[in-house]
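Please walk through this model with the sequence and the 3D view side by side.

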Amino acid sequence: MTSIGTGYDLSNSVFSPDGRNFQVEYAVKAVENGGTAVGIRCKDGVVLAVEKIITSKLLKPGANRRISTVDRHVGIVSAGLAPDGRHFVSRARDEASSWRSVYKGPIPISALANRLGSYVQAYTLYSSVRPFGVTSILGGWDSEAELAVDGQVGSGPQSGAGGKVKGAKSGGPGLYMIEPSGLYWGYYGAATGKGRQAAKAELEKLDLASEKLSLHDAVKEAARIIYVAHEDNKDKEFELEMSWISSLEGPTKGRHEEVPKELLEEAERAARRALEGDDEDEEEGAKGNEQMEE
Amino acid sequence: MVASHGLTGMLGEDGIHVDMNHLKSGEVNLGTSIMAINFKDGVILGADSRTTTGAYIANRVTDKLTQVHDTIWCCRSGSAADTQAVADIVSYHLNMYSIVNNEAPSTQVAGALFQELCYENKDMLRLVLFVNWYTGIGHLIYRCSAGIIIAGYDPRHGGQVYSIPLGGSLHKQAYSIGGSGSTYIYGYCDANWRENMTEEEGIQFVRGALREAIKWDGSSGGVIRLVVLTAKGAQRHLYLPDTDYTGPGATY
């Protein structure tokens with residue numbers, strides 16, 4: 001970077017003459033070294049997945065979780081500095097809880113993303129703090145059911161409320177990615193961390209905007225994408241962690257939960273098979289080229 | 001639990017002495033008849049229009065139906081000052097909510113906000129005299145005297161009616177009646193209430209019930225005001241005593 005050493009990278013709250021905040025850009029570098037994390041949004045739910053690089057043989061497999069539950073219906077996975085991610089999750093839980101105490105109901109995913117975006121942005125403004133060294137993927141499900149006010153008694157007319165409009169907006173999946181600058185967008189598929197380029201390329205192939213992919217297939221795709229993204233980092237071992245949130249009719253009934261062990265293992269087997277298949281194709285392709293040259 | 005603020009009532013040889021000056025000086029009370037119902041296309045709110053200060057009618061054409069958002073309204077009973085203040089605060093929060101979240105608040109959100117304010121402030125909103133029936137000892141305590149009915153319409157949930165009685169609990173109801181006049185119309189409402197009434201039937205029901213409440217309750221009177229909340233928005237109705245509450249009907 002040409003601007004290194006010019007003095008504009010020493011503090012937050014100081015712009016460089018061309019309008020950049022270098023501390024934020026360095027935070028993005030920290031994220032780019034982290035294990036790959038992806039999120040997939042489908043019509044009937046959201047999947048979160050993360051590649052956990054095994055830094056020591058002494059670490060207990062399955063412990064040291066990287067995906068956290070924020071509220072019953074929301075989960076967060078982040079890439080970058082793990083302690084920053086934990087602090088971020090803690091703030092997310094506070095926001096979700098504060099919403100509940102005021103409005104007596106679950107926080108909408110969009111509102112949580114907005115509040116967290118504002119929180120992260122505030123860490124780019126002051127010289128006394130450094131920006132978050134994480135990019136976080138926030139996934140959740142806004143209930144499609146009619147929500148009661150927490151603690152209310154009674155349920156209104158037996159025949160239900162009158163005057164409901166068919167097709168009125170009501171709940172559904174939510175997937176957002178929040179960057180160290182505080183920038184956040186809503187996504188069909190989101191990827192961050194070391195293998196994000198490969199992961200994004202794979203996500204784009206899924207045509208998520210058409211909403212044809214089922215949640216179950218999305219679990220398998222998420223596993224495969226983490227395996228694909230790991231290909232460039234093959235010398236290091238990794239563990240796959242996945243969670244999901246389904247619709248109220250789906251397997252998790254609108255809650256954020258770990259993907260069950262059997263399904264996770266099935267998805268990992270399918271991911272390895274898919275990768276081995278790719279390798280064979282490549283070998284065949286190579287042979288083909290040789291034959292052409294003969 | 002309520003805090004005691006000293007003695008003001010005594011049991012003497014000639015019976016219980018009650019200090020009737022327990023209202024804050026100049027306080028205006030809504031001895032009232034209010035109600036809200038669900039019907040086929042939404043909700044209807046209704047109220048009489050009498051405001052009293054003791055025996056004096058301070059206002060005979062009061063509007064006790066207060067808008068807190070486009071299609072979320074409330075019926076106020078109890079202390080006029082307290083319920084107006086609470087409605088103003090809720091109105092502020094709902095307007096803020098719709099701006100921040102780029103979406104109109106649901107009736108549930110309004111219900112939650114009303115409940116929080118009424119429950120958390122129930123001990124400090126108004127001085128009320130309580131006399132122990134056995135000892136005759138009276139306690140002047142602060143108590144919220146806000147009895148509020150919230151009714152709202154939104155496209156997703158349709159019409160909904162919530163009631164918040166004195167203690168600050170929250171009840172979702174098919175229809176709700178409140179205020180001193182409501183005691184006279186429990187039978188009328190029970191006998192005449194039906195689910196899924198048409199708008200015309202709903203108006204007739206509310207108007208008929210409030211007419212009875214006004215007839216029997218000395219603290220209720222004046223005109224009958226209604227608000228109809230549907231997908232089409234809010235529409236006000238007015239019914240005058242000079243024609244036995246038959247007209248003029250829908251206004252702006």
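A salt bridge here is a side-chain nitrogen of Lys or Arg within 4 Å of a carboxyl oxygen of Asp or Glu. Helices (H or I, at least four residues) and strands (E, at least two) are DSSP runs, numbered from the N terminus.

Some ground rules come next. This is a predicted model, in which local features need pLDDT of at least 70 and side-chain atom pairs count only at pLDDT 80 or more, while totals for chains, interfaces and linings use all residues. Residues are numbered from 1 along each chain as its sequence is written, chains are lettered from A and ligands numbered from 1 in the order in which they are written, and side-chain values use heavy atoms, with hydrogens and water left out.

Now look at chain A as a whole. Its secondary structure comes to six helices and 10 strands. The C-alpha trace spans about 80 × 50 × 40 Å along its principal axes. Chain A has 294 residues, and 45% of them count as buried. Buried means under 20% relative accessible area, exposed means over 50%, and partly exposed lies in between (1.4 Å probe, protein chains only). Contact means heavy atoms within 4.5 Å. Among the contacts in chain A with a separation of 6 or more, 70% come from residues 24 or more positions apart.

Back to the charges. Over all chains, the structure holds 29 salt bridges. Is K52(A) buried or exposed? K52(A) has a relative accessible area of 8%, so this lysine is buried. K52(A) also belongs to a network of salt bridges that links it with R65(A), E239(A), E241(A) and E258(A).

Two further bridges deserve a look. R115(A) pairs with E95(A), and their closest N and O atoms are 3.0 Å apart. R115(A) lies in helix α3 of chain A and E95(A) in helix α2 of chain A, so the bridge ties together parts 20 residues apart in sequence. R115(A) is partly exposed at 26% relative accessibility. E95(A) is buried, at 10%. The other bridge joins E146(A) to K164(A), with the closest N and O atoms 2.6 Å apart. E146(A) and K164(A) are 18 residues apart, each in the loop between β5 and β6 (172–178) of chain A. E146(A) is partly exposed at 37% relative accessible area. K164(A) is partly exposed at 40%.

Next, the rings. Rings of Phe, Tyr and Trp (its six-membered ring) pair if their centres lie within 6.5 Å; planes under 30 degrees apart count as stacked, over 60 as edge-to-face and the rest as tilted. The count is 14 aromatic pairs over all chains. Take F88(A) and F132(A): the ring centres are 5.9 Å apart and the planes stand at 70°, so the pair is edge-to-face. F88(A) is in helix α2 of chain A, while F132(A) is in the loop between α3 (109–122) and β5 (134–142) of chain A, 44 residues apart. Both F88(A) and F132(A) are buried. Ring pairs join F88(A) and F132(A) with Y119(A) and Y123(A) in a cluster.

Where do chains A and B meet? Here 31 residues of chain A are in contact with 28 residues of chain B. The area buried between the two chains is about 2,300 Å², and carbon and sulfur atoms give 50% of it. Buried area is the accessible area (1.4 Å probe) that two parts lose on being put together, summed over both. The rule finds one salt bridge across this interface. Its partners are K104(A) and E116(B), at 2.7 Å, N to O. The largest share of the side of chain A that touches chain B, four residues, comes from helix α2 (residues 82–103) of chain A.
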